[in-house]
Amino acid sequence: MHFSIKVSELPRVLEVLPDSDSSELVVFLLFGKGEQAQCYVEVHIQGLLSLKCQRCLTLMPFELSTVHRLSPIRSDQNADDLLGELEPVLMDENGLVDVMEMIEDEVLLGLPMCPMHEMKDCASSMIESNGSLVSQEKKKPFAGLADLLNKKSV
Ligand SMILES: [Zn+2]
């Protein structure tokens, strides 16, 4: 099954985003059985989000794309019993998994801890080069004036 959800429906994700994001995420859920007959759900999440670059503090686009196979376990079960690439997702006392919560966790896991532009795209590198330009000019504040005076005397 697949469906789309708005980021605004995921309060914990919204908390870590720099502004109220109206982006939509596309979610695919595929159900299957693992080698040991454990049920799992393969969760695909894709979408474009805005994150704040930790270097220049402006917004940057981030393409989220995560795929994880989650296997529901009871709280008294040992997650280590799961085999292969399956990851545990906790069921509630009724044996149900909160799908929205699961998706929210997956989105949070898929976000970078410290999002940053590529150096060439980052505004902070532009600020630095502008800064050095300014200080160079400051070294010779009257350089342009001398040229002007020379021209006038000719
Ligand atoms: Zn940046």
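This is a predicted model: local features need pLDDT of at least 70, side-chain atom pairs count only at pLDDT 80 or more; totals for chains, interfaces and linings use all residues.
The secondary structure of the chain consists of four helices and five strands. Read from the N terminus, these elements follow the order β-α-β-β-β-β-α-α-α. Of the 154 residues in the chain, 16% are buried. The average pLDDT of the chain is 83, and 79% of the residues score at least 70. Over residues 132-137, by contrast, pLDDT stays under 50, and the model shows zero contacts beyond four places in sequence for this stretch.

The five strands are arranged as an open sheet with mixed pairing, in the order β1-β2-β3-β4-β5. Because β1 (2-6) and β5 each have a single partner strand, they stand at the edges, and one side of each is left without a neighbour in the sheet. On average, neighbouring strands of the sheet are turned by 40° against each other, direction ignored. In general, the strands of a sheet pair through backbone hydrogen bonds, in either a parallel or an antiparallel manner. Strands β4 and β5 run parallel and are joined by four bridges. Ile 73 has Leu 90 of β5 as its bridge partner.

The largest nonpolar core comprises 19 residues, of which Val 7, Leu 25, Val 27, Ile 45, Ile 103 and Val 107 touch the most other members. Two or more residues are contributed to this core by each of β2 (24-33), β3 (39-52), β4 (59-73) and α2 (99-110). The contribution of β3, five residues, is the greatest. When neighbours within four places in sequence are left aside, Leu 25 is in contact with Ser 4, Ile 5, Val 7, Ile 45, Gln 46, Gly 47 and Val 107.

Val 97 lies in the loop between β5 (87-90) and α2. This residue is classed as partly exposed because 16 other C-beta atoms lie within 10 Å, whereas a buried residue would require 20 or more. Residues up to four places away in sequence not being counted, Val 97 touches Pro 72, Val 89, Met 91 and Met 102. The C-alpha atoms of Val 97 and Ser 71 are 10.0 Å apart in space, although the two residues are 26 residues apart in sequence.

Note on methods: Residues are numbered from 1 along each chain as its sequence is written. A nonpolar core is a set of buried Ala, Val, Leu, Ile, Met, Phe, Trp, Tyr and Cys residues joined through C-beta atoms within 7 Å. A residue is buried if 20 or more other C-beta atoms lie within 10 Å of its own, exposed if 12 or fewer, and partly exposed in between; C-beta atoms are placed from the backbone. Two residues are in contact if their C-beta atoms, placed from the backbone, lie within 7 Å. pLDDT is the predictor's confidence in each residue, from 0 to 100. Two strands pair if DSSP finds at least two bridges between them. Axes are lines fitted to C-alpha atoms, for helices over the stretch in contact, and angles run from 0 to 180 degrees between N-to-C directions.
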